[in-house]
Amino acid sequence: MTDSSLLLIALDAVALTVGLVGGYYLSTYVSKKRLQDAQDLASRIVEEARKEAEATRKEARIQAKDDIFALKKEQEEEFKDREQTLKREQSRLQEKEERLESKLEKVAQKESGVVELEKRLIKQEKSLAEKEEELETAADAHERKLQEISGLTVEEAKERLMSEVESRTRHEAARMIRNIETEAKENASKKAKEILSLAIQRYAGDYISEQTVTAVALPSEEMKGRIIGREGRNIRALEAATGVDLIIDDTPETVVLSAYSPLRREVAKQSLERLIHDGRIHPARIEEVVRKVEQEMDVKLREIGEQATFDVGVHGIHPEVVKLLGQLHYRTSYSQNVLQHSIEVAFLCGIMAAELGLDEKMAKRAGLLHDLGKAVDHEVEGPHAVIGADLAKKHGESQDIVHAIQAHHEDISPQTAIATLVQAADSLSGARPGARKELLENYVKRLEELEGIATSFNGVSKAYAIQAGREVRVMVDAERVPDEQTYLLVKDIAAKIESNMTYPGQIRVTVIREKRAVGYAK
């Protein structure tokens, strides 16, 4: 190795040493600089935090003072309210105390009066006792004189007197019995009408009017073609299975079912609705659905019949009879639902039987079953009363029930009180205004005419016809009609009703005048 090479190596070593020393000092300087900057930044942050904390503290003190002031003000107002309330209570208690003192004074005065009255009563009692002794002495003396004059003892006089009284009493009793019998005959019709009107007022049933057609809604016009089927096979199958006529006309999205039997129409309606919902409409499916609906309808008929017996409160009826009652739900008479009519007759019979002291349960049972024959009168020949009596007898009903069913339309003469009640209740239910279609219009017209006559008089504000037209209640204006004029108004309204209307029995007119005064305490 040459000297120049050694020299280069030495120079490189010196340069490296100088570089390392310089880097160390430079790094130390940078670190110190950064540390100083961090310390300055921390000092500024601490100072800002201190200032912010001081400001927050001042704001909190101000807010606390405001809250304390508001709370103090609220408490002062509350104390004032309580003070006023206490003053009012104190005043009220003072008034009560004064009233109590006044009452105590009155009681004391009354007590002194009672004491004086008691003293007077004691004196009167002593005086009455003395007079009673004097009367007894005088009576004994009078009795001795009577015995001397008549020559009869007291016992003999009593026997003669009792004999005369008995003879006279028998005569009076016989005459009274004749008068009672005559009065009973005269009042029998009146009493019967009272019982019938009471039964009508205590029972008010809903009326159900059935028609001879039923409409079934279709989801679309395209469904009409599917119901008719190829060459009409579907509609023919449906009509044959249900016994109902299907009318498909220009009415949009509607098919009309026509039949006199509501039961058949209900079966056809449910069957058609199920076929439409199912979408499969062909003769085999139609027969299957109709058969299934008929089976379900049998169950429904039994449920309807059981509900009717439960509503009326009659139990122990044969299941076949219960099913026949269910069929009456789908049977009408002059647009009146027969099952609803039977339930109404049962209630009316029960009410009248209770008023007369008869067997209420038997009367209800006879009333419920009286139209049983209408469930099968289209299948069996003869009057429905006779058919119903045969069915009731067949299924174990008592002879009184059978007789009441058979006699309710005078097929035979009624021989029992229950039969007569069923006959009367049947007539009531059918003749009640609104029960049957042909009577409703006349009934409503009569009520409107009654109210119109009443409102035609001056001073009348409102008029209401109630109790099926047997009473009119008239409300008059108290400012226009004085009390004494109401009596004249009653007479005038009654006279006009008599001259302008034709009606059975009598109509009660009641005029009501009311004066109201309204005030407000603040």
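I count a contact when heavy atoms lie within 4.5 Å. The model is predicted: I took local features only at pLDDT of at least 70 and side-chain atom pairs at 80 or more, while totals for chains, interfaces and linings use all residues. Residues are numbered from 1 along each chain as its sequence is written, and side-chain values use heavy atoms, without hydrogens and water.

Entry: I looked up Ile227. Leaving aside neighbours within four places in sequence, Ile227 is in contact with Leu218, Asn234, Ile235, Leu246, Ile248, Val255, Leu272, Ile276 and Ile281.

Entry: helix α10. I took helices as DSSP runs of H or I, at least four residues, numbered from the N terminus. Helix α10 spans residues 384-394, and among its buried residues are His384, Ile387 and Leu391. Buried means under 20% relative accessible area, with a 1.4 Å probe and protein chains only. The buried residues of α10 pack against α7 and α11 (399-407). Just after α10, Gly396 takes a positive phi of about 85°.

Entry: Gln327. Is Gln327 buried or exposed? I found Gln327 in helix α7, residues 319-328. Gln327 counts as buried because its relative accessible area is 18%. Not counting residues up to four places away in sequence, Gln327 touches Leu301 and Ala375.

Entry: Leu8. I placed Leu8 in helix α1, residues 3-150. Leu8 has 54% relative accessibility, so I count Leu8 as exposed (over 50%).

Technical notes
Helices (H or I, at least four residues) and strands (E, at least two) are DSSP runs, numbered from the N terminus.
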